[in-house]
Amino acid sequence: MKASEFNASDYLETAEDVKEYLQAALDENDAEFFIDALGVVSRSKGMKEISEKTGLGYHSLYKSFGTGKHPRFETVYKVVSALGLNFRLV
């Protein structure tokens with residue numbers, strides 16, 4: 001039996017799934033983990049669509065959310081907004 005690698009994006013079917021996934025990532029208080037999760041969501045929704053909504057280059061988005069990368073907050077903010085979400089402090 002061959003096992004396949006887990007890919008969270010396979011389970012992000014609804015806007016609520018995306019919201020809960022990103023909230024869980026934020027709850028870990030680990031910036032790198034959140035950036036990785038945001039990259040997973042962006043790829044699951046389609047980088048081209050995110051690129052069009054943010055006005056950011058398709059290839060630069062892929063680079064920004066690669067493993068170990070540290071995108072600018074402006075980029076993170078635009079991607080979160082393109083997903084129809086916003087940041088809220090409580």
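**Reading contacts, helices and charges**

A: Leaving aside residues up to four places away in sequence, Thr-54 touches Leu-61, Lys-78, Val-79 and Ala-82. The model is a predicted one.

Q: Where does Thr-54 lie, and is Thr-54 buried or exposed?

A: Thr-54 belongs to helix H3, which spans residues 47-54. Its relative accessibility is 10%, so Thr-54 counts as buried, the limit being under 20%. The side chain of Thr-54 also reaches the backbone nitrogen of Leu-56, at 3.1 Å.

Q: How does one read the buried side of a helix, taking H5 as the case?

A: The general idea is that an α-helix has 3.6 residues a turn, so residues three or four places apart point the same way. In helix H5 (residues 73-82), the buried residues are Thr-75, Val-76, Val-79, Val-80 and Ala-82. They cover an arc of only 160 degrees around the axis, which puts them on the same side of H5. These buried residues pack against helix H2 (31-45), H3 and H4. Just after H5, Gly-84 adopts a positive phi of about 80 degrees.

Q: Which residues are linked in a network of salt bridges?

A: Arg-72, Glu-74 and Lys-78 are linked in this way. Glu-74 pairs with Arg-72, the closest N and O atoms being 2.6 Å apart, and Glu-74 also meets Lys-78 at 3.5 Å, N to O. Because Lys-78 and Glu-74 are four residues apart in helix H5, about one helical turn separates them. As for accessibility, Arg-72 is exposed at 57%, while Glu-74 is partly exposed at 40% and Lys-78 is partly exposed at 30%.

Q: How far apart in space are Lys-48 and Asp-36?

A: Their C-alpha atoms are 18 Å apart, and the two residues are twelve residues apart in sequence. Lys-48 has its place in helix H3 and is exposed, with a relative accessible area of 55%.

Q: How are aromatic pairs to be read, and how many does the structure hold?

A: One considers the distance between ring centres together with the angle between ring planes. The structure holds six aromatic pairs. The rings of Phe-6 and Tyr-11 have centres 5.6 Å apart and planes at 15 degrees, so this pair is stacked. Both partners are exposed: Phe-6 has a relative accessible area of 61%, and Tyr-11 has a relative accessibility of 56%.

The rings of Tyr-58 and Tyr-62 have centres 5.3 Å apart, but their planes stand at 75 degrees, so this pair is edge-to-face. Tyr-58 and Tyr-62 both lie in helix H4 (residues 58-64), four residues apart, about one turn of the helix. Tyr-58 is partly exposed at 35% relative accessibility, and Tyr-62 is partly exposed with a relative accessible area of 35%.

Q: Which residues form one aromatic cluster?

A: The cluster is made up of Phe-34, Phe-73, Tyr-77 and Phe-87.

Note on methods. Residues numbered from 1 in each chain as written. Predicted model: local features only at pLDDT ≥ 70, side-chain atom pairs only at ≥ 80, totals over all residues. Heavy atoms only, no water. Phe/Tyr/Trp six-rings, centres within 6.5 Å; stacked < 30°, edge-to-face > 60°. Buried < 20%, exposed > 50% of the residue type's maximum accessible area, 1.4 Å probe, protein only. Helix = DSSP H or I, 4+ residues; strand = E, 2+ residues; numbered from the N terminus. Polar contact = N/O pair within 3.5 Å; in protein donor to acceptor, adjacent residues only side chain to side chain. Contact = heavy atoms within 4.5 Å. Arc of directions from axis to C-beta. Salt bridge = Lys/Arg side-chain N within 4 Å of Asp/Glu carboxyl O.
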